[in-house]
Amino acid sequence: MYSQGLIGADGRTTESEEFLARFQARIDAEEKIEPNDAMPEGYRRTLVRQIGQHAHSEIVGMLPEGNWITRAPSLRRKAALLAKVQDEGGHGLYLYCAAETLGVSREEMTEELLSGKAKYSSIFNYPTLSWADMGIIGWLVDGAAIMNQIPLCRCSYGPYARAMIRVCKEESFHQRQGYELCMSLAFGTPEQKAMVQDALNRWWWPSIMMFGPHDADSQNSDQSMAWKIKRFSNDELRQKFIDATVPQAEYLGLTLPDPDLKWNEAKGGYDHGPIDWSEFWRVVKGQGPMARDRIKARKKAWDEGAWVREAALAHAEKRQARKMAAE
Amino acid sequence: MVQTTPLWEVFIRPRNGLAHKHAGSIHAADEVLALQAARDVYTRRGEGTSIWVVRSADIVASDPDQAAENFEPTADKIYRHPTFYDIPDDVGHM
Ligand SMILES: [Fe+2]
Ligand SMILES: [Fe+2]
């Protein structure tokens, strides 16, 4: 669903000046870097970490929405939610496969997620308390994801850029079905409108935190920008998202829970109130209300799937042996 | 012992008349499961009418460090291109 400003990346690298200059020249010429090309270790490490975090976010992101599939109020909504959650699983797989081209294995990445070593987007550590959350997540969380992901389609690393093109094509459906769901509640009974307003109140700040820390506090951004892994800063993307979202909330007749939000004619965008970064870091560090449940659910799925993986491999081996014997 | 599930490269023909094109990769124990997984992961919206899967380990690739000697000679053989030859306009389109 989403990629956050990279958490804890490290762009340090130790290659010779000449090698780095040659690599940078390729990047500056907008050449794409492909899997077997020579690349600085810092570039490879940054991408492994970012693509891994992104893939984990897609996979963990299936859980908050999966929570509501059986309780969808109509077949139409259930089919849409099911398709969306399946897409998020697909996004995770496209991204794992892009990371694997950098020499990291799927098993290592899974292990890092389950052990808590790898991070994923902190937005998924919030609970989904009402049906309206399904609308708000599609509208805001997928909406923020789209803002983040569209520039990633031009990322300098070819396999990541190609995976993102595929992802972005699918995200638009996610956001539209969410906004449509919000419309049906916002234009419904007073209780329905109150329910969607409550969901908006809970998800607004976590959604704008999805763009990561302010530019001044985001140490890894400069190197990622120079390597064209990242094309816009966290604050630039956050601004674009807010500017796009305010009129959408107005159309729904809903109020964004920020009393300081107001149009700034001079900059041609909205100003917003202070973001509670202590909450952001608390949630990133795994103290979100659902952090333990999310990892527990992934572990359970992994452990309970072990016999299936083993059986499939045993069956494949048996078939292979039979084929060899017949030859 | 932890066994790892093999990696497969997936190629999809968007529609008849076009060639299969690389779409990505998936993990699967054998070719039957690989085809099924490739269908689920890469063709949820009519992206294709045919899928190939190939074990990633079976792909032989040229070395990017040799890209210069492998591919650059084509750039200086300009006489291989039609525009190298001057044909008068009077002759008509050729
Ligand atoms: Fe999504
Ligand atoms: Fe996604």
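# Briefing: a strand, a metal site and salt bridges

Strand β1 (residues 7-13) of chain B is largely enclosed by the rest of the structure, because five of its seven residues are buried. This is a predicted model. In chain A, an iron ion (ligand 1) is held by Glu88(A), Asp142(A), Glu171(A) and His174(A). Over all chains, 26 salt bridges are found.

**Strands of chain B**

- β1(B) pairs with strand β2 (residues 21-27) of chain B in the antiparallel sense, over six bridges.
- Within this pairing, Lys21(B) in β2(B) is the bridge partner of Ile12(B).
- β1(B) is also joined by six bridges to strand β3 (residues 50-55) of chain B, and these two run antiparallel.
- In β3(B), Trp52(B) stands opposite Phe11(B).
- In a regular strand, side chains alternate between the two faces of the sheet.

**Surface patch of chain B**

- Ile78(B), Tyr79(B), Phe84(B), Tyr85(B), Ile87(B), Val91(B) and Met94(B) make a nonpolar surface patch of about 750 Å².
- One of these residues, Ile87(B), is placed in the segment after α2 (67-71) of chain B.
- Ile87(B) counts as partly exposed because its relative accessibility is 44%, a value between the limits of 20% and 50%.

**Iron site of chain A**

- The iron ion (ligand 1) is coordinated through OE of Glu88(A), OD of Asp142(A), OE of Glu171(A) and ND1 of His174(A), at 2.0 to 2.2 Å.
- The arrangement around the iron ion (ligand 1) is irregular because the four donor atoms subtend angles of 84 to 167°; a tetrahedral site would need all angles between 85 and 135 degrees.
- Along the chain, the donors of the iron ion (ligand 1) follow the spacing E-x53-D-x28-E-x2-H.
- The iron ion (ligand 2) is 3.4 Å from the iron ion (ligand 1), and Glu88(A) coordinates both.
- Asp142(A) lies in helix α6 (residues 132-152) of chain A and His174(A) in helix α7 (residues 158-186) of chain A, so this pair ties together parts that are 32 residues apart in sequence.
- Asp142(A) and His174(A) are both buried.

- Side chains of opposite charge can pair when their charged atoms come close.
- Arg76(A) and Glu180(A) form a salt bridge, with the closest N and O atoms 2.8 Å apart.
- Arg76(A) belongs to helix α4 (residues 75-100) of chain A and Glu180(A) to helix α7 of chain A, so the pair ties together parts that are 104 residues apart in sequence.
- Arg76(A) counts as exposed, at 54% relative accessibility, and Glu180(A) counts as partly exposed, at 31%.
- Lys84(A) and Asp142(A) also meet in a salt bridge through their side chains, at 3.0 Å from N to O.
- This pair links distant parts of the chain, since Lys84(A) is in helix α4 of chain A and Asp142(A) in helix α6 of chain A, 58 residues apart.
- Both partners, Lys84(A) and Asp142(A), are buried.

- Lys300(A) forms a salt bridge with Glu304(A), and their closest N and O atoms are 3.8 Å apart.
- Lys300(A) and Glu304(A) are separated by about one helical turn because they are four residues apart in helix α12 (residues 291-304) of chain A.
- Glu304(A) has a relative accessible area of 48% and is partly exposed.
- Elsewhere, salt bridges that share partners join Glu65(A), Lys84(A), Glu88(A) and Asp142(A) into one network.

Conventions. Residues are numbered from 1 along each chain as its sequence is written. Chains are lettered from A and ligands numbered from 1 in the order in which they are written. This is a predicted model: local features need pLDDT of at least 70, side-chain atom pairs count only at pLDDT 80 or more; totals for chains, interfaces and linings use all residues. Side-chain values use heavy atoms; hydrogens and water are left out. Donors are N, O and S atoms within 2.8 Å of the metal (3.2 Å for Na, K and Ca); water is not among the atoms, so sites may look incomplete. Four donors count as tetrahedral if all angles lie between 85 and 135 degrees; four count as square planar and six as octahedral if opposite donors are over 155 degrees apart and all others between 65 and 115; anything else is irregular. Buried means under 20% relative accessible area, exposed over 50%, partly exposed in between (1.4 Å probe, protein chains only). Patches are made of residues with over 30% relative accessible area and no salt bridge: like charges are joined within 9 Å, nonpolar side chains (Val, Leu, Ile, Met, Phe, Trp, Tyr) within 5 Å. Accessible areas come from the Shrake-Rupley method with a 1.4 Å probe; for residues, only the protein chains shown count as cover. A salt bridge is a side-chain nitrogen of Lys or Arg within 4 Å of a carboxyl oxygen of Asp or Glu. Two strands pair if DSSP finds at least two bridges between them.
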